[in-house]
Amino acid sequence: PTSAQVSAVPHSGRFCYTLDNDLLTTEQRQFYEDNGYLLIRNLVSDEDIERFRKEFTRICKREVKPPGVMIMKDESLRSEFGQSEKVVNKVQDFQEDEELFRYCTLPEILKYVECFTGPNIMAMHTMLINKLPDSDKQTFLHPMHQDLHYFPFRPASRIVCAWTAMERAHQDNGCLVVQPGTHKTALKPHGYPEMEGKTNKLFHGLLDEDENIPKVHLVMEKGDTVFFHPLLIHGSGINRTSGFRKSISCHFASSECHYIDVKNTIQEHLEKEMQEMVSKKYNGTSVDLKDIWNFRARLVQGERINL
């Protein structure tokens, strides 16, 4: 169930979600227009992935401490495993770690990103996810959501996520699950699921999920990369294996995008939660949402304009 296996019949309509380019075929552009994602096989080399894996291990062991990085752990495992990859489920905001940030500057990634954002490209949000083996509590399930829920910048059509599998991702170890075509819908209300054990910090999900919309499990091999729209409804299941399912990702945006005020919108509660987290991390420092994103954002190609 991937872009390579679905026939997309091109039509003469205007492309809304991709820009004219010499890289994507008409069929690939049409697939993204219709479905909101595009899977490119074998894009990132084994050598690069191994370098990212080694740096992740060094961060877990605290051999390196990149400024601003957020390390998310399963605290219940710390007494058993101490500081190791067996405890850390996510390294977020690695824009100041030069080794991991190399991912955001890989020419093979950026040439695709430019098809969605244009030539002036900002890396806005970075993550290396280490999906831990899970229990019946489904602690590391990420409920179905839209990434635009987290972003106070627009337009959505000039934002794209690049998500690369660092090893084979499949249903048993919690691969990405997408609902094709949902990128054409509006941003929906998000919050924490009510079920016990599914309240990891900022793992928000749709408050009203339409179970009738078909879901596609993106089975990916090491180095495969999927590019998807920030309104595409997606999530990931739990890891039922004994190993770890690693992936590395970055949300890119055109530097010509602009910040919006989320007050009195469905994103307002998210702003308050993020401000509280930053205030706690930096001992009472008060910042607004735009400042938080300015700190995360880093130019990777072209000129920095608005973001």
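Residues 24 or more positions apart account for 82% of the contacts in the protein chain with a separation of 6 or more, where contact means heavy atoms within 4.5 Å. This is a predicted model, in which local features need pLDDT of at least 70, side-chain atom pairs count only at pLDDT 80 or more, and totals for chains, interfaces and linings use all residues. Residues are numbered from 1 along each chain as its sequence is written, and side-chain values use heavy atoms, with hydrogens and water left out.

**Overall picture**
- The chain holds seven helices and 16 strands; helices (H or I, at least four residues) and strands (E, at least two) are DSSP runs, numbered from the N terminus.
- Of the 307 residues, 54% are buried; buried means under 20% relative accessible area, exposed over 50%, and partly exposed in between (1.4 Å probe, protein chains only).

**Confidence**
- The average pLDDT is 86, and 85% of the residues score at least 70; pLDDT is the predictor's confidence in each residue, from 0 to 100.
- Take care with residues 1-12, where pLDDT is below 50; beyond near neighbours in sequence, this stretch has 19 contacts in the model.

**Nonpolar cores**
- The largest nonpolar core has 55 residues, and Tyr103, Ile109, Phe227 and Phe252 touch the most other members. Such a core is a set of buried Ala, Val, Leu, Ile, Met, Phe, Trp, Tyr and Cys residues joined through side-chain atoms within 4.5 Å.
- Helix H5 (residues 107-117) gives this core its largest share, six residues.
- A second, separate core has 21 residues, including Leu148, Phe151, Ile159 and Trp293.
- The buried residues of H5 are Ile109, Leu110, Tyr112, Val113, Cys115, Phe116 and Thr117.

**Aromatic rings and charges**
- The whole structure contains nine aromatic pairs. Rings of Phe, Tyr and Trp (its six-membered ring) pair if their centres lie within 6.5 Å; planes under 30 degrees apart count as stacked, over 60 as edge-to-face and the rest as tilted.
- Phe31 and Tyr37 form an edge-to-face pair, because their ring centres are 5.2 Å apart and their planes stand at 90°.
- Tyr32 and Phe116 make a tilted pair, with centres 4.5 Å apart and planes at 45°. This pair links distant parts of the chain, with Tyr32 in helix H1 (residues 26-35) and Phe116 in helix H5, 84 residues apart.
- Both Tyr32 and Phe116 are buried, and ring pairs link Tyr32, Tyr112, Phe116 and Phe227 into a cluster.
- The charged end of Arg296 sits over the ring of Trp293, 4.5 Å from its centre, while Arg298 lies over the face of Phe101, 4.2 Å from the ring centre. The criterion is NZ of Lys or CZ of Arg within 6 Å of the ring centre and within 35 degrees of the ring normal.

**Backbone details**
- Most residues other than glycine have a negative phi, and most peptide bonds are trans.
- The peptide bond from Arg154 to Pro155 is cis, with omega near 5°; Pro155 belongs to the loop between strand S6 (153-154) and strand S7 (159-165).
- Asp93, not a glycine, has a positive phi of about 60°. Asp93 is buried at 5% relative accessible area, in the loop between strand S3 (88-92) and helix H4 (98-105).
- Asn264, also not a glycine, has a positive phi of about 65°. Asn264 is exposed at 73% relative accessible area, in the loop between strand S15 (258-259) and helix H6 (268-281).
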